[in-house]
Amino acid sequence: MSKIVKTQIDQFYFHYPSSATVVTTRAGDKANAMAVAWHTAMSHHPPYYMVSISPKRFSHQLITQSGEFVVNFMPAEMGALIARVAACSGKDVDKFRAFGIEASPGAKVGAPVLKDALASYECKVIARHTYGDHDLFMGEILAVQYEPSAYNEGMMLDLDSQRPILYMGGDYYSTANGQRYLDRAKLLEEVMASRP
Ligand SMILES: Cc1cc2nc3c(=O)[nH]c(=O)nc-3n(C[C@H](O)[C@H](O)[C@H](O)COP(=O)(O)O)c2cc1C
């Protein structure tokens, strides 16, 4: 197979699928929700989670003001909500009211925790850095709220009963519907044992 090499990088969707989350914020009497696909865990101890948000977003303003955000991990059936909150700005629309989003304040932060989320990370901003046209907000996870029936004993999403939403880029979404167990120690051992 001969690969195509691209050096003009405009839109790049090659790293998808990845989970599409809803990031919620509150500053004073303004609450907001936006779709976020650029997010990741950064540290176990202490638990850090980062989101990458353009300064153009209203959410950016609210996170900067409040120093808080919540990352809500959503099931596939909430795809339309993710698309709706991504289609307009909280500058113009009260998305909670317009889309009938049900939420309650976090246990540790004032930002809303979505009722329909499988799990939500309540984060306090500990650092902000600009990279290109987005800002990375590093959050310390102060609390996690999760739906116990959606997770197995290992605290992993139970893919026999749950379908997480995955983002493909553009306006395309997918889901995960199976998993494999790969015993890393055993797999390494097999190779090492067969070496002369
Ligand atoms: C699936 C999906 C993921 C997105 N991920 C991000 C992201 O990681 N960071 C970002 O700044 N914008 C992202 N966006 C765009 C924002 O969600 C969108 O501009 C939204 O309207 C911003 O809302 P706000 O102005 O109310 O904050 C994404 C859009 C979609 C459809």
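Cys-88 comes out as partly exposed because its relative accessible area is 24%, the cut-offs being under 20% for buried, over 50% for exposed and partly exposed in between (1.4 Å probe, protein chains only). Cys-123, by contrast, has a relative accessible area of 0%, so it is buried. As for disulfides (a pair of cysteine sulfur atoms within 2.5 Å), the structure holds 0. The model is a predicted one, so local features need pLDDT of at least 70 and side-chain atom pairs count only at pLDDT 80 or more, while totals for chains, interfaces and linings use all residues. Residues are numbered from 1 along each chain as its sequence is written, and side-chain values use heavy atoms, with hydrogens and water left out.

On to the strands, which, like helices, are DSSP runs numbered from the N terminus (E, at least two residues, for strands; H or I, at least four, for helices). Two strands pair if DSSP finds at least two bridges between them. Strand S9 (residues 119-131) runs antiparallel to strand S6 (residues 68-73), with 6 bridges joining the two. Here Val-71 has Tyr-121 in S9 as its bridge partner. S9 is also joined to strand S10 (residues 134-146), again antiparallel, through 12 bridges. Across this pairing, Lys-124 sits opposite Glu-140 in S10. S9 and S10 make a hairpin with 2 residues between them, and Gly-132 in the turn shows a positive phi of about 60°.

Then there are the aromatic rings. Rings of Phe, Tyr and Trp (its six-membered ring) pair if their centres lie within 6.5 Å; planes under 30 degrees apart count as stacked, over 60 as edge-to-face and the rest as tilted. Searching the whole structure turns up 7 aromatic pairs. In one of them, Tyr-13 and Tyr-16 have ring centres 6.0 Å apart and planes at 40°, so the pair is tilted. Tyr-13 is partly exposed at 36% relative accessibility, whereas Tyr-16, at 11%, is buried. Phe-73 and Tyr-121 give an edge-to-face pair, with 5.0 Å from centre to centre and 70° between the planes. This pair ties together distant parts of the chain, as Phe-73 lies in strand S6 and Tyr-121 in strand S9, 48 residues apart. Phe-73 counts as buried because its relative accessibility is 16%; Tyr-121, at 23%, counts as partly exposed. Back with the tyrosines, ring pairs link Tyr-13, Tyr-16, Tyr-167 and Tyr-173 into a cluster.
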